[in-house]
Amino acid sequence: MAKALALSLDLNFCTAQKVVVTDSDDPELKRLYDVVLPPPKDYEHFFIKLCALDHTEFDRILFIDGDSLAIRPIEPVLEACRGKDFAVQGTWLSDVQWYGDMTSVMKRRGLKQVPKFSGGFLYYERTDAARELIAKIMELAADYDSIGLERNRGHVVDEVCISLAMAETEIGHVFPDSMQLSRTPYLLKSRVRLDVLHGECSFVKGDDPARSIRPFIYHSAHAAFDLKYWREVRRLMRVSGKRLGRTSGTGDRLTFARRAKIVLTAMIHRNAGKY
């Protein structure tokens, strides 16, 4: 997945330096990324995305989840983010159920609204304001269970900690979803058209009203069942075969994709009576 993301960025003439945080010693990652970092011990699980100021020398950081693919050149995304201490893409809401009763949490903390967003895309810069916000996020994470929200598979949820911290400190910027910097195929109302090699991605989301989506970055968010995503991973590996070599590990990913297809088929069969 990390290889495919790097290949999709290269395909779109990405000039930004690429960093991957991983415990893998795969030599191909060193050819695809400018910097390969081991997971830092002082940032737990989902919060590793916030480690760049402490563990790299970069001044501007765009975090992209590993199950994402660049559809078009991301320079316009970087330019839109320039000058923002911290930024996410989403919506400010005053009433929201998010890993539990977020609305009640907001009332207890004296907040009128919080931003809801996908943590698979965020941006921050090396500024005092960004450091202040990240410190607040980590403070909330350390005391997470007292907030009254659910964990994600046993892990503290980064998104709600970031959301509460942004609301309480009034630091950070929320790009509207209409900018379509990075979008997930949640609440689909149409099939996903995805062709990374030809720079195409479109689908309709079932918002109110329904919206046509054409993002710069496609964030699968459901890679275990997203067959279109795995098809594009395979195609990227194939066209870049000379660079990756014939033992690129693609087979493992295709095995995963086939397994995902079996699981998805089983789910459809099991739920057939409900549709």
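Tutor: A residue counts as buried when its relative accessible area is under 20%. Please keep in mind that the model is predicted.
Student: Is Phe-203 buried or exposed?
Tutor: Phe-203 has a relative accessibility of 2%, so the residue counts as buried.
Student: How many aromatic pairs does the structure hold?
Tutor: There are four aromatic pairs in the structure. One of them joins Phe-203 and Tyr-218, whose ring centres are 6.4 Å apart; the planes stand at 80°, so this pair is edge-to-face.
Student: Which strands do Phe-203 and Tyr-218 lie in?
Tutor: Phe-203 belongs to strand β11 (residues 200–205) and Tyr-218 to strand β13 (residues 217–219), so the pair ties together parts 15 residues apart in sequence. Tyr-218 is buried too, at a relative accessible area of 1%.
Student: And what about Tyr-229 and Trp-230?
Tutor: Their ring centres lie 5.2 Å apart with the planes at 80°, so Tyr-229 and Trp-230 form an edge-to-face pair. Tyr-229 is buried at 0% relative accessibility, and Trp-230 is buried at 5%.
Student: Which residue lies over the face of Phe-216?
Tutor: That is Arg-72, at 4.0 Å from the ring centre of Phe-216.
Student: Changing topic, how many disulfides does the structure hold?
Tutor: The count of disulfides is zero.
Student: Are Cys-14 and Cys-201 buried or exposed?
Tutor: Cys-14 has a relative accessible area of 15%, which is under the 20% limit, so Cys-14 is buried. Cys-201 is buried as well, with a value of 7%.

Key: Residues numbered from 1 in each chain as written. Predicted model: local features only at pLDDT ≥ 70, side-chain atom pairs only at ≥ 80, totals over all residues. Heavy atoms only, no water. Phe/Tyr/Trp six-rings, centres within 6.5 Å; stacked < 30°, edge-to-face > 60°. Helix = DSSP H or I, 4+ residues; strand = E, 2+ residues; numbered from the N terminus. Buried < 20%, exposed > 50% of the residue type's maximum accessible area, 1.4 Å probe, protein only. Lys NZ or Arg CZ within 6 Å of the ring centre and 35° of its normal. Disulfide = S-S within 2.5 Å.
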